Amino acid sequence: MKQLLLFITLLSVSTASFAQADSIYVWNKWCSRKDTLLLFNSGNNIIQIYSRTLKPADFKVKSLDKSLRIGLPEIKGDTMNLMAMPFPEKGKIMRLAILSKKTSKTLRTVQFTSDSIPMLMAKVGNIQSGEANRKDILAQTVLKLYFPKSLYSYPYSIQQYTFKVTTPKGSATFTNKGIFLTKEVLQEINNAPVGTTVEFVNIKATCPDCATRNVQDIKLKIK
């Protein structure tokens, strides 16, 4: 009977430990897929940790490998945040341990992978090719920024751009602040003959805590 009670007690403790580990969620704030433990080389990485059963003040974190450096944790609401930087040249394993602050026991260990960041690009709305039907272009309202084939989602924004078009009837140039395709730009696209290539040049982008940068021009042919 005592052995049965001991077994039940151990099983209960084990089950509670697994449940506690399963209730701790870890992700990179600037990765567009929250179920992917991915850090970006030379990028902005904020590891966020949330638990359904523990308060952020109840646990602490520790990097287990030289290939992963972390900053001091900050608690915002019910989530712990910490800056992270991968150093894949120092090893492929990048593990982070989440421990109980009270007992120092490991509650969960996660392993990150890393990826490089491609060049920041701009596109007209959801159009990614170099040509599109006029009606599809006119259906767009803004210029967007993106990292091709990447999950990196740090919030860059467009400060300004210059629109250029040349047709047999003449040329037009508009410099606009912000991301929106203005009425003047859309009117020029609407009036341009099929086969005309419109250009968006001098595209300037910025992001929190970074300097303004130029983005590659967009050339879009009207079909």
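# Close-up views of the predicted model

**View 1. Cys 210 is partly exposed, with a relative accessible area of 28%.** Partly exposed means between the limits for buried (under 20% relative accessible area) and exposed (over 50%), using a 1.4 Å probe and protein chains only. This is a predicted model, in which local features need pLDDT of at least 70, side-chain atom pairs count only at pLDDT 80 or more, and totals for chains, interfaces and linings use all residues. Residues are numbered from 1 along each chain as its sequence is written, and side-chain values use heavy atoms, leaving out hydrogens and water. Cys 210 forms a disulfide with Cys 207, with 1.8 Å between the sulfur atoms. A disulfide here is a pair of cysteine sulfur atoms within 2.5 Å. Cys 207 is buried, at 7% relative accessibility. Cys 31 is in no disulfide; the nearest cysteine sulfur belongs to Cys 207, 17 Å away. Cys 31 is buried too, at 0%. The whole structure has one disulfide.

**View 2. Arg 95 and Asp 65 form a salt bridge.** The term covers a side-chain nitrogen of Lys or Arg within 4 Å of a carboxyl oxygen of Asp or Glu. In this pair the closest N and O atoms are 2.9 Å apart. Arg 95 sits in strand S8 (residues 94–100) and Asp 65 in the loop between S4 and strand S5 (68–70), so the bridge ties together parts 30 residues apart in sequence. Strands (E, at least two residues) and helices (H or I, at least four) are DSSP runs, numbered from the N terminus. Arg 95 is partly exposed at 30%, whereas Asp 65 is buried at 18%.

**View 3. Arg 33 and Asp 35 meet in a salt bridge through their side chains.** The N to O distance is 3.4 Å. Arg 33 is partly exposed, at 44%. Asp 35 is exposed, at 61%. A search of the whole structure finds two salt bridges.

**View 4. Lys 60 lies in strand S4 (residues 59–63).** Lys 60 is partly exposed, at 34%. Its side chain makes a polar contact with the side chain of Ser 104, at 3.2 Å. A polar contact is a pair of N or O atoms within 3.5 Å; within protein, one must be able to donate a hydrogen and the other to accept it, and residues adjacent in sequence count only if both atoms are side-chain atoms. The C-alpha atoms of Lys 60 and Ser 104 are 8.2 Å apart, and the two residues are 44 places apart along the chain. Leaving aside neighbours within four places in sequence, Lys 60 is in contact (heavy atoms within 4.5 Å) with residues including Ala 97, Leu 99 and Lys 101.

**View 5. The largest nonpolar core has 35 residues.** Such a core is a set of buried Ala, Val, Leu, Ile, Met, Phe, Trp, Tyr and Cys residues joined through side-chain atoms within 4.5 Å. Among the residues with the most contacts inside it are Leu 143, Tyr 161 and Val 198. Elements that each supply at least two residues of this core include S12, S13, helix H3 (183–191) and strand S15 (197–206). Val 198 contacts, among others beyond four places in sequence, Phe 163, Ile 189 and Leu 220. Another core lies apart from this one, with 18 residues, among them Ile 24, Leu 54, Phe 59 and Leu 107. In soluble globular proteins, nonpolar side chains tend to be buried together.
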